[in-house]
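Colleague: I have a model on screen and want to learn to read it. Can we go through it feature by feature?

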Amino acid sequence: MKQSLFENRHKAEWARFSLMLEQLERGKEASGIASFPKDYRRLCQQLALAQERGYSSFLIDSLQQQVLRGHQQLYRHRSRLGANILSFILAGFPRLVREQWRFVLAAGLMFFGSLIGFALLVYLFPDLVYNLIPAEQVSEMQSMYDPVAGHLGRSAERAASEDWVMFGYYIMHNIGIAFQTFASGLLFGLGSAFFLLFNGLMIGAVAGHLTHIGFGQTFWSFVIGHGAFELSAIALAGAAGLQLGWALIAPGRLPRAEALRLAARKSVLLICGVMLFLLIAAFIEAYWSSMTAPAPTTKYLVGAVLWLLVATYLLFAGRTRHAPE
Amino acid sequence: MLETTALPRKATLPPPLDTRYQVETPEGIDLPLRPAGLMVRALAFSIDLGLRGLILGVLFIVLAFLGKLGAGLGSILLFGVSWWYMVLFEVLNQGRSPGKQWMGLRVVHDDGTPIGWSASLIRNLLRFVDMLPFGYFLGAISCLQHPHFKRLGDLAAGTLVIYREQPLTRPQLPDAQPRRPAFALTLPEQRAVLGFAERQGELSEARSHELASILAQPLQVPAPRAVAELNAIARGLLGPA
């Protein structure tokens with residue numbers, strides 16, 4: 001069949017298809033959508049014919065464009081994030097954390113190990129803190145948690161708007177750190193390990209130092225509440241990063257690129273959970289931890305409950321299947 | 001020496017010598033995508049960077065009037081714009097951030113399908129590593145050595161930055177009396193003759209004469225008439241208008 005005859009025969013069909021494509025691309029409800037897959041496959045067949053018969057480049061290129069656009073409309077990847085947030089929170093995330101327990105354990109040991117270890121060291125040998133943190137930052141930190149200076153160096157009770165400032169700041173700062181800890185795991189896991197150890201040492205140094213000089217009450221009652229979510233989130237972000245790095249170090253039977261791609265798909269789900277944790281942490285930090293009215297005992301109690309909650313959630317949620325999934 | 005014996009009609013065209021990336025669809029069609037190189041992507045990124053700076057500048061001026069609340073909102077916005085700008089545009093705007101849109105690029109999955117949340121999140125979070133140790137050093141190296149110009153984030157996310165397809169305009173074929181060629185044409189020859197006729201509008205007259213005269217001998221026509229002869233054959237191949 002000559003090309004012009006072929007074109008004339010299918011011209012109307014192609015025009016209809018391109019109209020439907022435009023509607024679909026603009027996200028509108030296209031008319032006659034039910035026949036779209038069939039029309040698309042017909043177009044594929046026509047393209048194959050045109051190539052086989054050596055028709056001109058213009059015809060083949062424009063058919064190829066139409067097929068590509070149709071392909072992009074017909075074959076969409078199902079988004080696993082947006083669709084089922086609820087089941088992800090209720091079951092998917094803790095399940096994923098347990099499934100990746102090796103990385104979570106490694107990251108947790110690095111982070112909490114360095115934190116607790118260095119806190120003890122600084123508590124026992126107070127001068128160690130100056131090896132890690134410059135002296136002026138240490139004194140700044142001291143004045144922030146000075147029990148005599150009211151609360152956190154600011155006026156006795158913060159205004160509501162001040163809470164807002166800190167809420168925004170915590171979100172930006174903490175999620176930024178979590179993202180860095182995750183992303184740098186691509187460097188064979190070294191980046192994640194570095195950020196985990198570094199943050200662990202820094203927090204440990206501050207905690208040990210403040211406890212040693214007797215500001216323990218203000219410090220611990222401030223951090224215990226949101227720490228439950230914030231610290232575990234950093235450890236989980238590190239676990240996600242280590243997972244990336246491990247896929248490059250030991251890809252198993254897959255090529256490295258493919259192993260990395262599969263690991264990244266899993267770890268990004270972990271990061272979504274981490275973001276959720278950090279949002280909760282920022283909320284607690286800005287609105288509960290900064291309150292001075294509750295007695296330290298209350299704060300310790302609430303803090304302990306929150307830690308227990310996080311542990312229970314990660315260990316036990318989603319072990320049995322429920323209706324919302 | 002031109003090969004005049006007909007190849008079997010089933011013979012496939014030889015793969016083109018360029019950077020095209022073939023996606024095979026489930027229908028058995030090979031779709032060629034054109035991956036975008038380092039330079040054009042760097043330009044697109046600079047545009048996006050400038051735009052983000054502009055957005056933040058304007059917002060901070062507005063928020064400055066709101067006082068404390070503004071400062072809190074400002075931090076959230078700074079976070080949102082620096083980490084989410086690319087993700088939101090890529091997912092909600094068919095894989096095109098404003099810079100990419102400007103440069104005629106888009107992001108797709110490796111299999112040519114539109115980019116989704118998780119792939120976009122991965123490639124944009126890992127941008128942090130691509131930027132190490134300074135100024136996109138790792139990203140540029142990865143991009144330059146990869147056959148499809150992927151940076152590290154693209155490798156992990158399984159995505160590809162490609163040139164967007166531009167709408168084609170139908171080329172005008174020169175007028176000629178349709179004619180049957182003196183011998184059977186192979187498929188690539190047929191495509192070449194049609195291509196010559198379709199592209200004649202873009203070529204200078206001297207150049208098209210030069211090209212056509214190469215074929216004067218096998219076509220058995222004097223060199224000055226080769227262009228007209230090729231156009232006639234192309235018309236004949238195309239069929240009646």
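What follows is a short walk through helices, chain contact, strands and loops.

Modeller: This is a predicted model, where local features need pLDDT of at least 70, side-chain atom pairs count only at pLDDT 80 or more, and totals for chains, interfaces and linings use all residues. Residues are numbered from 1 along each chain as its sequence is written, while chains are lettered from A and ligands numbered from 1 in the order in which they are written.

Colleague: At what angle do helix α10 and helix α11 of chain A pack?

Modeller: Helices are DSSP runs of H or I with at least four residues, strands are E runs of at least two, and both are numbered from the N terminus. Axes are lines fitted to C-alpha atoms, for helices over the stretch in contact, and angles run from 0 to 180 degrees between N-to-C directions. In chain A, α10 (residues 216-249) and α11 (residues 256-289) pack at about 170°, with axes 8 Å apart. So α10(A) is roughly antiparallel to α11(A) (angles over 145 degrees count as such).

Colleague: How many residues does each chain bring to the contact?

Modeller: Two residues are in contact if their C-beta atoms, placed from the backbone, lie within 7 Å. Chain A gives 53 residues and chain B gives 50. On the side of chain A that touches chain B, α8(A) gives the most, with 15 residues.

Colleague: Which strands pair in chain B?

Modeller: Two strands pair if DSSP finds at least two bridges between them. β1 (residues 21-24) and β2 (residues 30-33) of chain B pair in the antiparallel sense over 4 bridges. B:Glu24 stands opposite B:Asp30. β1(B) and β2(B) form a hairpin with 5 residues between them. In its turn, B:Gly28 has a positive phi of about 80°. β3 (residues 105-109) and β4 (residues 159-163) of chain B also pair in the antiparallel sense, over 5 bridges. There, B:Arg106 stands opposite B:Ile162.

Colleague: Is B:Phe149 buried or exposed?

Modeller: Count other C-beta atoms, placed from the backbone, within 10 Å of the residue's own: 20 or more is buried, 12 or fewer is exposed, and in between is partly exposed. B:Phe149 has 22, so it is buried. B:Tyr136 has 18, so that residue is partly exposed.

Terms used:
Parallel < 35°, antiparallel > 145°, perpendicular 65-115°, else oblique.
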